[in-house]
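Subject: Structure for your files

Hello,

The sequence and structure are below. My notes on the contacts and the cores follow.

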Amino acid sequence: MFRRTLNRLCAGEEKRVGTRTVFVGNHPISGTEPYIAQRFCDNRIVSSKYTLWNFLPKNLFEQFRRIANFYFLIIFLVQVTVDTPTSPVTSGLPLFFVITVTAIKQGYEDWLRHRADNEVNKSAVYIIENAKRVRKESEKIKVGDVVEVQANETFPCDLILLSSCTTDGTCYVTTASLDGESNCKTHYAVRDTIALCTAESIDNLRATIECEQPQPDLYRFVGRISIYSNSIEAVARSLGPENLLLKGATLKNTKKIYGVAVYTGMETKMALNYQGKSQKCSAVEKSINAFLIVYLFILLTKAAVCTTLKYVWQSSPYNDEPWYNQKTQKERETFQVLKMFTDFLSFMVLFNFIIPVSMYVTVEMQKFLGSFFISWDKDFFDEEINEGALVNTSDLNEELGQVDYVFTDKTGTLTENSMEFIECCIDGHKYKGTTQEVDGLSQTDGPLAYFDKADKNREALFLRALCLCHTVEMKTNDDVDGPVEGAGFTYISSSPDEIALVKGAKRFGFTFLGNQNGYIRVENQRKEIEEYELLHTLNFDSVRRRMSVIVRTQKGDILLFCKGADSSIFPRVHSHQIELTKDHVERNAMDGYRTLCVAFKEIPPDDFERINAQLVEAKMALQDREEKLEKVFDEIETNMNLIGATAVEDKLQDQAAETIEALHAAGLKVWVLTGDKMETAKSTCYACRLFQTNTELLELTTKTIEESERKEDRLHELLIEYRKKLLHEFPKSTRSLKKAWTEHQEYGLIIDGSTLSLILNSSQDCSSNNYKSIFLQICMKCTAVLCCRMAPLQKAQIVRMVKNLKGSPITLSIGDGANDVSMILESHVGIGIKGKEGRQAARNSDYSVPKFKHLKKLLLVHGHLYYVRIAHLVQYFFYKNLCFILPQFLYQFFCGFSQQPLYDAAYLTMYNICFTSLPILAYSLLEQHINIDTLTADPRLYMKITGNAMLQLGPFLHWTFLAAFEGTVFFFGTYFLFQTSSLEDNGKIYGNWTFGTIVFTVLVFTVTLKLALDTRFWTWINHFVIWGSLAFYVFFSFFWGGIIWPFLKQQRMYFVFAQMLCSVSTWLAIILLIFISLFPEILLIVVKNVRRRSARRNLSCRRASDSLSARPSVRPLLLRTFSDESNIL
Amino acid sequence: AMNYSAKDEVDGGPAGPPGGAAKTRRPDNTAFKQQRLPAWQPILTAGTVLPTFFIIGLIFIPIGIGIFVTSNNIREIEIDYTGTEPSSPCNKCLSPNVTSCACTINFTLKQSFEGNVFMYYGLSNFYQNHRRYVKSRDDSQLNGDPSALLNPSKECEPYRRNEDRPIAPCGAIANSMFNDTLELYLVANESDPKPIPIPLKKKGIAWWTDKNVKFRNPPGKESLEEKFKDTIKPVNWHKAVYELDPEDESNNGFINEDFIVWMRTAALPTFRKLYRLIERRDDLHPTLPAGQYFLNITYNYPVHSFDGRKRMILSTISWMGGKNPFLGIAYITIGSISFLLGVVLLVINHKYRNSSNTADITI
């Protein structure tokens, strides 16, 4: 919702003003008005970002907008301009590598886009020009051209359907590539143009189409076609989304159609929807940025300290410029201030490796490659839809391990959304669904007294209502022309409830036979075919919560049928009828069924004339058509007669209860946000064990509030009361909340939409704030919260509210329908379920899974592992680079602060790229510090990593101190080793490069072995990269020192490494230093192990006592949905 | 408690329905994709780590003792001849006016030095590792590249050209080459005043690869002097590069070993460089018997200006190099700590084990 408005704002508001007029076939309408050619864009689709010419500058610009790349560019430029200790290659090469790889990747992606664009733009289409069929390239289509499309072709632009090969002017379309809904949708031609199904006739059509300027909303279109037949008088017809064929959709089951292009190229709805999602940023990323700032500070401090000390040290002239080491003329002439500045920059450059370029690459690679494991997971594969999990963004993998709040939709998420007609009641008489032959209605439920039969006419009326008031389509499996009686067809609808109802009606003898030329055909119990002329329809929407149709019977009576939620029907029917049905509805709702009430009204012909006029006028309106229609219907839908109610069962999803229990055990708070009514939702919540039998429910609903006269006062009272109750229960320590849960009375909160809006949008501003804060306090103390009767926007509102709580908890939303999109987009992590209500949710989500139960593994296993992996990756990267740079920093104290690098340039460059990169990458992809089965079995393990536990100050300091310790050991160990005349048995001496190489060797081995110590899951890949990296280091060092490299100015490393290994002392020292460095780590592991052992023992004791006082197993209300063994934890 | 758990659940057969014409999007059931690669899952329990502590202790302590003893057996004597103290014989050489100055320092070896003895010179407060200094050389020139000989690298500034001629060898390192001459004499006995000169070997002090590969004289058949005729000696040098060792062709020019040793820049501002070898004569006589010695110094190298010091070091050598107590002590310390911790943890672990009957608990 939010994005749509944003899109609208972004996509050029000025163009949207007013409407556009399209001349069909580009034939001017003579005499009516002067032909003003409006300029529209051509039909070229440009999804590519770059052209051959602007690729380099544009891509570079975009890459350097990233703060890290920019930082490295600056470092590189400093190295190029200022006389710096390390050659520009050391930072230039990695940067170049990163930039090139990214550029190649983006270039390749763009090339693919170019190719796809070309394929679309150059594809052949047929246009009717001067009564002839002309073949053209797709990009040449102009607005107003009449286009011919054949079966199984995609529409080249947004078309208004003029005529199809079928006589009724309909065509079937699948929008699978647009919104993923693979079912066929029917689109209609305007009645006056249906007949024009040859090239000649269509060329003679003189018409103009007025429609709104392009809008990104796929399901909205308002327009008007004026057809100028022989007379000057124009016939005007309204156009809606059912007349519009969208680019990207495919024509099915229809031989060919003619349509006129209204939106082309980048103005098509598909192109307007083509937009990247807003970037979500994970908590880990924020931590990385925080660490970066710390390290940047360390870097600046180091550079500043060194610069200051350098000038202190240089204050004695014999240090500044001894006779053996004189400055050049240029150096002497440079200004002191400038020199200090360049010195500062030089130190920055020398220490810049502390912020590694490679970390970004590795993190990106880890995320990208890591996300494959989700889509590869066979546990996420669902046989039914033949699909597995889908990862839409890889940026949020680790966020899955950080979730605090889970917001879930009910229908289709917790439940199957596969509806089954259970029973109905007609005038208070209950009918159980059965499959008895002709007289199926006679079957009633025995014991209760009032279960006799209702009046036969009422029965028929009720069933006719079910057959008429819906938007179900027939789809024949083999033939296009008309439904064949029997098994050859299936019902298709966007809402499974409707199919269940139509099928239910069929069971009772009334079969819906489809919709032809505006007539609905129904076969009644006597096998007669009844035809009803469909006059008007107003579809179901979540605000009105009802739908209505107006039909004319064969006898000429005009009837209005309306079905909808009880809350929206009851106020509109005669009040005396309610009582009988209400009981039923409430009982059904308690059982967890979805209920709908059916009402009808006979409209007298005089009234109909008036209503019809109003409706036609509303339909013709260009703007706010829906609102106007709603208004008219609102007026009609009064004083209706209630006929009955239906109950449809929505089965609980497989393992929904276990999943919720696991999530609870993992310390997550689960909120159910649903549009359903309270009773239904409540029973579902009990069934899926969101509420336990011993959970005390706090209700904030219209029911509880309406007891009082002034709602707000009552609300206030309740809020205060509940808060008191909860505060009394939980002493102020919110910290130990998670523990408290297991020991205290559990509370659940139920709130409904209207009460929520009362709380959020209370009239007095000051008190509303107050309400809100009290409400939030209550929410935070409750184990489970159920919000029912929620509008889509309210769902998002709730998510936003929780998101902005103190400590900004991480929220996750999971849903399957279009009404969940707003909350999916709003929350930190959005998960879509590939459900029956279309693919909008899955399309807008960050991850999509086939079933709710998959959430358990997704969070507890994948989320946990990803978090641990990436957190370790980040800490390790900072650690290894601090280890790397600290000796270099310490060396400055021994080389007169002259920025002399300790390591050779090759080592400086290769350290992060080759020697230490692969082991950590392999670790961050494969590590399972706790194995998958344990993670699944014990959800409590999830609590260990909540609140970004591994990237908090504590662990960060631990790693930093470890790195500082190790860096110091490396340097001073080697320093003391060098306090001798010779390390070799032939008395020869070593120079500064050997010193650096020893430190570097110890460094590479230590950081790699440190990772080896941390690795708990050694696959052959880990073995290969860890030992391989070390071997590569040794091999490379031999190689690098083994040759006089012609392109190098200085042969510093010539045979340094080999000579170093000739010395026994060096070997002993390297082993010793590695061991000293790792010693604290090993010690820590042992100490932790002992501590864990004692903790385990305590835990197992407690668990034993727990099992004794096991909670009474909750008896689910919907027994048939899960088996008994599922109760076992 | 380390276990190899092969959790490979691949059931051999191809995944998906047999003869699946319908393309299934079922993920492959491979061990890699399901994150179920067979893996070694080491579990660092007290049980596995404790023996490691003991083993480390048991290995490190003997090594440490070995090193320590070896290091202690090494004889080393260090003689400072900077001459800053007025009492020092070399004090006279400090005056800048003196061009060539010789001084003699007497010293006594209390114990005889056996085996090969190595003679080092040591400098203090000399920043051979200063960045400006380290890079001030031209390795191509030193490698005998004729074009680099006449056109040295810019890095050599300000020691690149002099009097419009290229300096060979160029750069600050070469320019500041150590040029004191040290000679060692043994005073045989009190009665005989004529001291016995100790033979000092000049060759074999540089890395073999440096001497033979990295450093080369310019190619050609003409004499060394001829090869260097277009160049000029470094400013501070008394003699040209082809005069470093006129007696020995293979130790002259760029491949002079004293020069090569000097060119390997030291890591720290206090450093030693190998000067001469004193080879052992035979098993019967110590190389340097205990007794009175004197050191003849041709004092050329000024260190007073930067507060430096000069030393002469005589040292024997073992398999592990020169005298260095650090390594031995460090090994002994770490070994002991490791062993002690092993004991402490064993006690703690034992206590826990007794109080709980659980076996090694896996993570």
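Across the interface of chain B and chain A the rule finds 3 salt bridges (a side-chain nitrogen of Lys or Arg within 4 Å of a carboxyl oxygen of Asp or Glu). R36(B) and D933(A) form a salt bridge through their side chains, at 3.2 Å from N to O. This is a predicted model, in which local features need pLDDT of at least 70 and side-chain atom pairs count only at pLDDT 80 or more, while totals for chains, interfaces and linings use all residues. Residues are numbered from 1 along each chain as its sequence is written, chains are lettered from A and ligands numbered from 1 in the order in which they are written, and side-chain values use heavy atoms, with hydrogens and water left out.

In the interface, 99 residues of chain B are in contact with 104 residues of chain A (heavy atoms within 4.5 Å). The two chains bury about 9,200 Å² between them, 60% of it on carbon and sulfur atoms (accessible area, 1.4 Å probe, lost on being put together and summed over both).

The largest nonpolar core has 195 residues, and W262(B) and L314(B) have the most contacts inside it. Such a core is a set of buried Ala, Val, Leu, Ile, Met, Phe, Trp, Tyr and Cys residues joined through side-chain atoms within 4.5 Å, where buried means under 20% relative accessible area (1.4 Å probe, protein chains only). Apart from this core lies another, of 55 residues, including L921(A) and V1025(A).

Regards

Terms used:
Buried < 20%, exposed > 50% of the residue type's maximum accessible area, 1.4 Å probe, protein only.
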